[in-house]
Structures are given as structure tokens and as C-alpha cells.
Amino acid sequence: MEKAAQRLSQNIGYIGAGTVEYLFNAATGKFFFLELNPRLQVEHPVTEGLTGVNLPSIQLQVAMGIPLDRIPDVRRLYARDEDGDDKIDFMEDEYVLPERHVIAARITAENPDDAAYIHKHNHYSKGYN
């Protein structure tokens, strides 16, 4: 899926941070494209926790015209000298696999047993019913 996402972004000329989403069928091992979001997802801290890469910072640096393979966080991820100038081939070179796990949880204040409340408040702001 990772390489397919890279190929997709290259084929359409996409530059910048984004998220490619797929639907994965565990029974068949096949995956299907859902969407490409031209922004960081709310779950991006999970990726940051795994890789040690500050994604919003990288997004800004790329927007400023700094090549991805010159950004210190990215160079560290690929076990390269942070101050080096050797190119990283993102389609061929492998990054350092994370040696940690990250768990994210989202807590909401909705009552899942009160379907009427959820339906009523999903579409209207409080006070505008």
C-alpha cells in the first residue's frame, strides 16, 4: 500500500503532505483505493510517534521549497547523515523500521445508547434546533 501511494502521488504530480486511504481485505490480502486527502489527518501524531518525524514541520518545509531528502527528520528516518547531501530514492531506499508502538484513542461525550440524541445533534448545533 505504501509503494502504491507513492506511485499514485508521483503519477498525478502531487507535492506536499497528504494521506492516501485504502480499504484492506484481510481475507484476500487485496486493498482498494478510497481517497487522497491533501492534508494531514487527525491521526498524524501516531505516525509522528512511530517515526520521530514532525509532520507539520515537514509540510511547512516542503511548502518553502526544501527538498524532502534535505530535511533532517527525514534523513534520520532513512539513517542518513542529517547534514549530508546524498539523495534519497523514496521509491527504492528503505527507512529505519520503528522499534515502538503507539496507541491513539478518541474520547467523545456522546451517549451511544441514545440514538435520538445522536441523530438530533449530529445535524444541528445546540440552540439551533
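From the N terminus on, the elements of the protein follow the order α-β-β-α-α-α-α. The model is predicted. In total, the protein has five helices and two strands. The chain holds 129 residues, and 17% of them are buried. Its accessible surface comes to about 9900 Å². Carbon and sulfur atoms account for 55% of that surface. Contacts were also sorted by separation in sequence. Among those between residues at least 6 apart, 25% join residues at least 24 apart.

In soluble globular proteins, nonpolar side chains tend to be buried together. Here, the largest nonpolar core is made up of ten residues. They are Ala-17, Leu-40, Val-53, Leu-55, Ile-58, Ile-71, Val-74, Leu-77, Tyr-78 and Ile-88. At least two residues of this core come from helix H3 (55–63), and at least two from helix H4 (72–77). Ile-58 is one of the core residues. Beyond the residues up to four places away in sequence, Ile-58 touches Val-53, Leu-68, Ile-71, Asp-73 and Val-74.

A charged residue was examined next. Asp-69 lies in the loop between H3 and H4. Asp-69 is buried, yet has no salt bridge. The nearest side chain of opposite charge belongs to Lys-87, 4.2 Å away. The side chain of Asp-69 does reach the backbone nitrogen of Ile-88, at 3.3 Å. Ile-88 is itself a member of the largest nonpolar core. With neighbours within four places in sequence left aside, Asp-69 is in contact with Arg-75, Asp-86, Lys-87, Ile-88 and Phe-90.

Technical notes: Residues are numbered from 1 along each chain as its sequence is written. This is a predicted model: local features need pLDDT of at least 70, side-chain atom pairs count only at pLDDT 80 or more; totals for chains, interfaces and linings use all residues. Side-chain values use heavy atoms; hydrogens and water are left out. Helices (H or I, at least four residues) and strands (E, at least two) are DSSP runs, numbered from the N terminus. Buried means under 20% relative accessible area, exposed over 50%, partly exposed in between (1.4 Å probe, protein chains only). Contact means heavy atoms within 4.5 Å. Accessible areas come from the Shrake-Rupley method with a 1.4 Å probe; for residues, only the protein chains shown count as cover. A nonpolar core is a set of buried Ala, Val, Leu, Ile, Met, Phe, Trp, Tyr and Cys residues joined through side-chain atoms within 4.5 Å. Lys and Arg count as positive and Asp and Glu as negative; His and the chain ends are not counted. A salt bridge is a side-chain nitrogen of Lys or Arg within 4 Å of a carboxyl oxygen of Asp or Glu. A polar contact is a pair of N or O atoms within 3.5 Å; within protein, one must be able to donate a hydrogen and the other to accept it, and residues adjacent in sequence count only if both atoms are side-chain atoms.
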